[in-house]
Every structure is written in C-alpha cells, then in structure tokens.
Amino acid sequence: MNEKLNELLLTISEKANDLTNLEIVTVMGDLEYSEGSYKLKDGQDIQGITSKIDLIDGDIKTHITETFYTKYPELVQWHQSREAQGNEIIRNNISTIKMLVDTLFDVFKDRK
C-alpha cells in the first residue's frame, strides 16, 4: 500500500507547478473552428493581454499590446478582474490538494 501512496504523492508533486501557476490570456483576433476547438487564425496581428501568476514567488507578470490597451479599456478591466479570480483559483487548488494528501495519508495509515 505504501507504494501506491508514494506513486500518488509523486504524481501530485510533479503537478505542483501547474497548481501554483496560472496563465490568463485575453486576445482579439479572427477565430477558426478546427478539430473540436477554436483557435486563432494564422498570419494575423493579434492584440491582447497575458498575465502569468506565480503564487509561490508572489509574482504577476502582465504583457499587453498598446493597441489593445487603448482600444479595449473595458477588456483590460475584465482581464484584471480575472487576475484577481486567478489568485483565488490557485489558493483553492492548493487547499484541495492539501485535503487530498491528508485524506490519502489517513486512508493508507488505517490500512497498515
């Protein structure tokens, strides 16, 4: 049983970076539907804003095109609200994983 617990903990550890980092992307451009999802068409000038949030380091890095900033201020505000939600999402992810790990330890402890 300890081997299974170790495997689960290793998987969680390997995914920890995904749990503490979040990328938020808001872009404007022409979309096309392909293979069950939408994507931006190739060869166009994409305008937008991206943010990367690292909860461990406390860093938020945001990149924005000047055209997007001046032409779509309401979308800039919307993106900023998504950043605030992003921090909460990361905190909830970490809390959920902690509960999962605690539960796994309890389950495997009782099976000894």
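This is a predicted model: local features need pLDDT of at least 70, side-chain atom pairs count only at pLDDT 80 or more; totals for chains, interfaces and linings use all residues.
Residues are numbered from 1 along each chain as its sequence is written, and side-chain values use heavy atoms, with hydrogens and water left out. Local features need pLDDT of at least 70 and side-chain atom pairs count only at pLDDT 80 or more, whereas totals for chains, interfaces and linings use all residues.

A salt bridge was assigned where a side-chain nitrogen of Lys or Arg lies within 4 Å of a carboxyl oxygen of Asp or Glu. The count by this rule is 2 salt bridges. One joins E32 to K39, with 3.8 Å between the closest N and O atoms. Exposure was classed by relative accessible area: buried under 20%, exposed over 50% and partly exposed in between (1.4 Å probe, protein chains only). E32 is partly exposed at 29%, and K39 is partly exposed at 39%.

The side chains of K98 and D102 also form a salt bridge, at an N to O distance of 2.7 Å. Both residues belong to helix α3 (residues 73-110), where K98 and D102 are 4 residues apart, about one turn of the helix. Helices (H or I, at least four residues) and strands (E, at least two) are DSSP runs numbered from the N terminus. K98 has a relative accessible area of 52% and is exposed, while D102, at 35%, is partly exposed.

Aromatic pairs were taken as rings of Phe, Tyr and Trp (its six-membered ring) with centres within 6.5 Å; planes under 30 degrees apart count as stacked, over 60 as edge-to-face and the rest as tilted. This rule gives 2 aromatic pairs. Y33 and Y38 make an edge-to-face pair, with 5.0 Å from centre to centre and 65° between the planes. Y33 is exposed, at 54% relative accessible area, and Y38 is exposed as well, at 60%. The pair of F68 and Y72 is tilted, with a centre-to-centre distance of 5.4 Å and a plane angle of 45°. F68 is buried at 0% relative accessibility, and Y72 is buried at 19%.

Y33 and Y38 also contribute, together with L31, to a nonpolar surface patch of about 400 Å². L31 is part of strand β2 (residues 31-34). Patches consist of residues with over 30% relative accessible area and no salt bridge, like charges being joined within 9 Å and nonpolar side chains (Val, Leu, Ile, Met, Phe, Trp, Tyr) within 5 Å. Accessible areas come from the Shrake-Rupley method with a 1.4 Å probe, and for residues only the protein chains shown count as cover.
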